[in-house]
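I opened my notebook to record, entry by entry, what I looked up in this structure.

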Amino acid sequence: MISSPITYALRALSTFFPPQKPLIFSGQGAVLKLADLMVISGQKRPLLVTDSFLLKNGMLDELIAFLEGAGCTVTVFDGIIPNPTFAVVEAGLAASRAGQCDAVLAVGGGSAIDAAKVIAAASTSKKSLAQLTGILKVKQPPLPFYVAPTTSGTGSEVTSAAVISDTETHKKTFFVDPKYIPIATAFDTGLLKSLPGPMTAATGMDALTHAIEAYTSRNRFADTDRDAAMAIKLIVKFLPVAYENGADEHAREMVALGSFLAGYAFSKASLGYVHAISHQISAHYNTPHGLANAILLPRVLRFNKTASAQRYAKLERMLSGTEGDAFAPEQVDQFIARVDALAERVGIPVNLKDVQPADFDAIAKEALAEARSSYAVPRVMRKADVVAILKSVESGDRSVRFG
């Protein structure tokens, strides 16, 4: 049932500005097909946004050679860092303008893609980065924007949002506009299979979080339910395979597709407390976003257990192949146990050593403010609930007791 002003606002935004799905290329060599589309579309001076690891290890040599062979002048910006800051985006924007770039191609994880989104928008705008923050602030069409994700988790390759950190405080700042959605996305299995096991696990659990939070959102739609459910099915089945055998290109492709579907679902339906809390943990300790989400997810599932019982049970029936069965209370606990087992199988730790009790009050306050302003959550948390979750994250005890 829709009841809060934020839920009404989110539903209106999703209804009148529905996100569009990018064109997809998939499989071995998909990034070259995407590059070919960019060239055929008339863009010959692309800014390639990536990180130094991919560049130094020669993983982009074939792409750069292809573009140069097609007559392109390629400007490379490899200054991407985890949780990118305004300073990183400013440096990328300077590179775009110096190269007189006419397109932006991001190859990398969510950090590269988020930074590239804002670079593409700022390159055609007279507004400062601060003036572009918030919702629907992009007035001019950004530079044509293309994406080849090398991780399968953030969903940034399909979403209308980017998250950039304040350079000094590291507080997360949101940029939200349908114009941030890429023209096309390439799931290149040759790039995806290079992702190490721990990052495969963390980003895959991040995608699972997107899907579950979209599926349990009070702002859900028929299409977000469909995409979120399929994403959950793909990730639960194929993430352990991709984690245990990184060279399995089929598993990599299926996890990437799951991430894409989850990204579309949450872009329309919104997120929840896993993200609200993890954003603050990352801001305080620079914790990788996917890892924070993966550790928080089981705790928030337990908090939402009563409010989302029907939804959890329906997912469990889907995953167990008993979709025709009626609701049974034990299905709720079975679904939560399934998520616990998946996290354990892919090596997600039960605690975060970085979190400090002295920061709990500040993290809780900031998380509640983010959720209140941005998410259509199934059940409202109090400060004591967030603190209880943070204590369990510190101790490693997943069985949180809420007041």
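I first noted that buried means under 20% relative accessible area and exposed over 50%, with partly exposed in between (1.4 Å probe, protein chains only). The model is predicted, so local features need pLDDT of at least 70 and side-chain atom pairs count only at pLDDT 80 or more, while totals for chains, interfaces and linings use all residues. Residues are numbered from 1 along each chain as its sequence is written, and side-chain values use heavy atoms, with hydrogens and water left out.

Entry on Ile81. I found Ile81 in the loop between strand S3 (75-77) and helix H5 (86-98), where helices (H or I, at least four residues) and strands (E, at least two) are DSSP runs, numbered from the N terminus. Because its relative accessibility is 38%, Ile81 counts as partly exposed. Leaving aside neighbours within four places in sequence, I saw Ile81 in contact (heavy atoms within 4.5 Å) with Val88 and Ser111.

Entry on the cores. I took a nonpolar core as a set of buried Ala, Val, Leu, Ile, Met, Phe, Trp, Tyr and Cys residues joined through side-chain atoms within 4.5 Å. The largest one has 76 residues, of which Met205, Leu208, Ile277, Ile281 and Met381 touch the most other members, and helix H11 (residues 249-269) gives the most to this core, with 11 residues. Apart from it lies another core of 31 residues, including Ile80 and Val88.

Entry on Leu208. Setting aside neighbours within four places in sequence, I listed among the contacts of Leu208 the residues Ile232, Val236 and Leu342.
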